[in-house]
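Subject: Structure handover

Hi,

Here is the structure for you to look over. My notes on helix packing and salt bridges follow below it.

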Amino acid sequence: MKEQIKVENRREVLSLLTDIGFAQVPDWYGASVRTLKMNLIVPKQRENHPPQPCLLFFCGGAFATVNGAVWMPEMMYFAERGFTVATAEYRTSNQAVFPAALMDAKAAVRFLKAHAGAFCIDPDNIFVSGESAGGTVCSLVGLTQGCGEYEAGDYLDCDSSVRGVIDFYGLTDIPAAQVLMQQLRADRSIPIGAVNTWIIDAFLGERYAEETALKASAQAIIGERIPPFCILHGTMDSVVDIGAQSDAFYDKLVAHGADVEYYRVEGAGHGDDLFYQDEVKAKVLRFMRRVMDQRGSACPERHPG
């Protein structure tokens with residue numbers, strides 16, 4: 001068979017950039033250094049490309065493991081609709097204790113702003129998102145804007161403020177999680193996968209102070225500078241308690257006058273595939289576009305071909 005066809009250029013072609021180094025951090029007991037990396041989905045033709053919003057996503061893994069590449073296929077939904085998408089790693093609990101993960105996440109934001117032109121990013125329209133432990137990290141990024149305590153490394157002339165935060169079932173009140181675990185132990189009813197004491201001990205450091213637990217709890221650090229939030233949590237989550245975490249987080253954000261959307265996903269467990277269906281992604285996309293529209297930002301209306 002031989003056929004000549006005429007094809008219209010209906011959609012933008014995208015490229016995947018892998019293993020882009022964005023920060024140098026101590027390694028092997030401080031005797032060495034290693035490079036933290038991110039992956040990006042960007043327009044293939046980037047010369048003279050207009051800036052577009054960016055979604056920076058952080059993978060979960062009980063603060064013990066990270067592999068952002070796992071989520072890149074799901075992030076295509078946003079890339080095909082006019083967003084530069086990035087997934088960045090951060091130091092896990094076996095590498096460094098809090099606030100290392102938060103500092104790494106903020107370094108990723110600064111890197112994207114410093115290289116906004118190369119990746120077609122509008123630096124004023126960067127959103128951070130994450131699932132589980134990544135949700136914890138992105139919420140902390142959003143609520144520590146202007147807090148120099150967590151800024152270290154390169155590109156310090158760029159700030160790590162973000163336009164908005166999308167938190168998928170993150171841990172936002174560590175003391176509450178510890179109390180719940182104690183109650184479950186007493187009742188001998190600990191669900192499989194529940195946030196156990198060792199996970200938090202590893203994240204915060206053995207014999208951590210109460211002050212440290214509060215600094216790592218988004219609910220405890222809500223202040224005057226609150227970016228818009230979108231929270232998503234499953235009603236059947238047996239790992240991160242929806243009541244003490246996302247329900248309470250929503251109530252506190254509202255009490256502080258925050259712009260917040262909250263979606264309780266009926267029947268969804270922790271990390272459930274329901275969160276990554278187009279119906280849910282569409283709500284996240286509408287949230288980001290609405291937030292950008294509030295400032296009159298350019299908000300591309302692109303759709304997959």
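Please keep in mind that this is a predicted model.

Helix packing first. α2 passes α3 in a right-handed crossing. Helix α2 covers residues 100-114, and helix α3 covers residues 133-143. Their axes come within 9 Å and cross at roughly 65 degrees. Angles of 65 to 115 degrees count as roughly perpendicular, and α2 and α3 are therefore roughly perpendicular to each other.

Which residues make the contact? From α2 come A101, L102, A105, K106 and V109. From α3 come V137, L140 and V141. By type, the contact of α2 with α3 has seven nonpolar residues, no polar ones and one charged.

K106 turns up again in the salt bridges. Together with R110 and E151, K106 belongs to a network of them.

Now the salt bridges in general. The whole structure holds 13. Here are three of them, pair by pair.

K281 and E74: their side chains meet at 2.5 Å, N to O. K281 sits in helix α8 (residues 278-293) and E74 in helix α1 (residues 72-79), so this pair ties together parts that are 207 residues apart in sequence. Are the two partners buried or exposed? K281 has a relative accessible area of 7%, so K281 is buried. E74 has 27% and is partly exposed.

R290 and D259: this salt bridge spans 2.9 Å, N to O. R290 also lies in helix α8, while D259 lies in the loop between α7 (243-255) and β8 (260-265). The pair therefore ties together parts that are 31 residues apart in sequence. R290 is partly exposed, at 27% relative accessible area. D259 is partly exposed too, with 24% relative accessibility.

R10 and E8: here the side chains meet at 3.9 Å, N to O. The cut-off for a salt bridge is 4 Å, so the R10 and E8 pair at 3.9 Å still counts. Both ends are on the accessible side of the scale: R10 counts as exposed at 63% relative accessibility, and E8 counts as exposed at 54%.

Best wishes

Note on methods
Residues numbered from 1 in each chain as written. Predicted model: local features only at pLDDT ≥ 70, side-chain atom pairs only at ≥ 80, totals over all residues. Heavy atoms only, no water. Axes fitted to C-alpha atoms, helices over the stretch in contact; angles between N-to-C directions. Helix = DSSP H or I, 4+ residues; strand = E, 2+ residues; numbered from the N terminus. Parallel < 35°, antiparallel > 145°, perpendicular 65-115°, else oblique. Left-handed = near helix turned anticlockwise from the far one by under 90°. Contact = heavy atoms within 4.5 Å. Nonpolar A, V, L, I, M, F, W, Y, C, P; charged D, E, K, R; others polar. Buried < 20%, exposed > 50% of the residue type's maximum accessible area, 1.4 Å probe, protein only.
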